[in-house]
Amino acid sequence: RKNKPKEKEGLADRLAVDDAVAAQIQECDPQQTLRSGDFQDVLEEVSGRVVSCMDKEQRAELDDEDHAFIMRRVREMVRICLSEYASRACKPTRFVRFDRVLCYIGGHRQWASGVIQSVNEDEPDDPTGQTKLPYVVKIDPPNARLISVPQDSNELVVSEVCFGQRAEALSYTLYSLPLQSKNGAAAKKFRFGIGERVACAVEDRTDEYSEWAAGTVLDVDHSIDAKGLLPNLQWTENVARVPYRVQLDRGPKILVHRDEHWLVRELALQPEGSRRGVANSVRFVRRQCGNGWVAIDHATRQVRPCEAPDSDDEDSMDVS
């Protein structure tokens with residue numbers, strides 16, 4: 001190829017095209033807000049299309065139509081990128097600090113549960129500080145490492161709830177099991193028995209948030225065919241055990257993978273409704289009862305009289 005005349009090959013000067021596109025990007029983004037990856041995407045797409053056209057027409061130099069196309073296309077792509085940055089910066093996150101979530105981490109395990117440590121953190125790879133990470137999550141032990149969640153979407157992060165209403169329910173349940181309990185149920189007394197009425201944390205109808213839903217305990221220390229669903233993980237006798245299987249009043253059967261107050265509560269102490277807000281996830285709450293107040297321990301299910309909370313205790317007040 002290098003021995004043929006350039007004009008017959010129609011080989012464009014790629015360096016000159018890249019320079020023209022880069023200059024237009026700089027003109028459209030004088031504050032250099034574009035992330036390096038987005039800058040490269042714009043450069044490669046626009047330059048590639050221009051070079052392809054020049055080669056097809058057997059031209060080695062840019063003409064006026066090339067310059068006009070570069071200006072239009074770069075402006076459009078940069079505008080889209082900057083609008084997306086602004087939209088992400090203004091959009092409130094679904095979850096807040098200390099919420100429990102299930103995150104996609106890839107690898108043979110794929111999903112892992114953990115606790116949100118921070119919200120809207122600066123993206124370390126973006127020197128402009130314009131890009132935010134919706135969440136930084138600390139994965140549960142024994143991994144106990146920090147991971148970043150680049151987008152606030154169900155493909156990457158979901159609320160850790162009692163799964164069973166959706167197609168991925170069994171897999172999500174197994175991924176959510178405490179690692180030390182994957183090979184058998186922990187030796188402890190269960191808080192509820194068969195037939196008891198409970199409120200379980202489940203996905204709401206939007207799949208974006210979670211809510212408390214009423215149900216009845218069907219099974220205690222329930223076993224699941226874990227090996228058939230997730231063969232890459234280690235299972236004792238090919239099964240996993242969860243504390244409860246619950247029949248929801250509204251239809252589906254769900255699995256409660258941890259006997260914890262933030263997943264399952266006594267229905268008499270936890271009405272149905274949204275789980276958003278601190279008072280809907282903490283263990284101890286105070287609730288007005290008649291002319292007085294009571295303190296509720298959702299873990300032990302104990303209720304006792306207490307004094308009315310002051311304004312500094314709003315996070316532990318339950319107004320349901």
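This is a predicted model: local features need pLDDT of at least 70, side-chain atom pairs count only at pLDDT 80 or more; totals for chains, interfaces and linings use all residues.
Local features need pLDDT of at least 70 and side-chain atom pairs count only at pLDDT 80 or more, while totals for chains, interfaces and linings use all residues. Residues are numbered from 1 along each chain as its sequence is written, and side-chain values use heavy atoms, with hydrogens and water left out. The chain has six helices and 15 strands, taken as DSSP runs numbered from the N terminus (helices H or I, at least four residues; strands E, at least two).

**Chain as a whole**

- Of the 320 residues in the chain, 41% are buried (under 20% relative accessible area; exposed is over 50% and partly exposed in between, with a 1.4 Å probe and protein chains only).
- Among contacts (heavy atoms within 4.5 Å) with a separation of 6 or more, 58% are between residues 24 or more positions apart.

**Helices α2 and α3**

- Helix α2 (residues 14-28) packs on helix α3 (residues 36-56) at an angle of about 135°, and their axes are 9 Å apart. Axes are lines fitted to C-alpha atoms over the stretch in contact, and angles run from 0 to 180 degrees between N-to-C directions.
- That angle makes α2 oblique to α3, since under 35 degrees counts as roughly parallel, over 145 as roughly antiparallel, 65 to 115 as roughly perpendicular and the rest as oblique.
- From α2, Arg14, Val17, Asp18, Val21, Ala22 and Ile25 take part in the contact; their partners in α3 include Phe39, Val42, Leu43, Val46, Val50 and Met54.
- The residues of this contact divide into eleven nonpolar, two polar and three charged (nonpolar: Ala, Val, Leu, Ile, Met, Phe, Trp, Tyr, Cys and Pro; charged: Asp, Glu, Lys and Arg; polar: the others, Gly among them).

**Helix α5**

- Six of the eight residues of helix α5 (residues 169-176) are buried, so the helix is mostly covered.
- The buried residues are Ala169, Tyr172, Thr173, Leu174, Tyr175 and Ser176.

**Backbone features in loops**

- Most residues other than glycine have a negative phi, and most peptide bonds are trans.
- Pro141 and Pro142 are joined by a cis peptide bond with omega about 5°; Pro142 lies in the loop between β3 (132-139) and β4 (146-149).
- Ala144, in the loop between β3 and β4, has a positive phi of about 45° and is partly exposed at 36% relative accessible area.
- Phe98, in the loop between α4 (64-90) and β1 (100-106), has a positive phi near 80° and counts as exposed at 53% relative accessibility.
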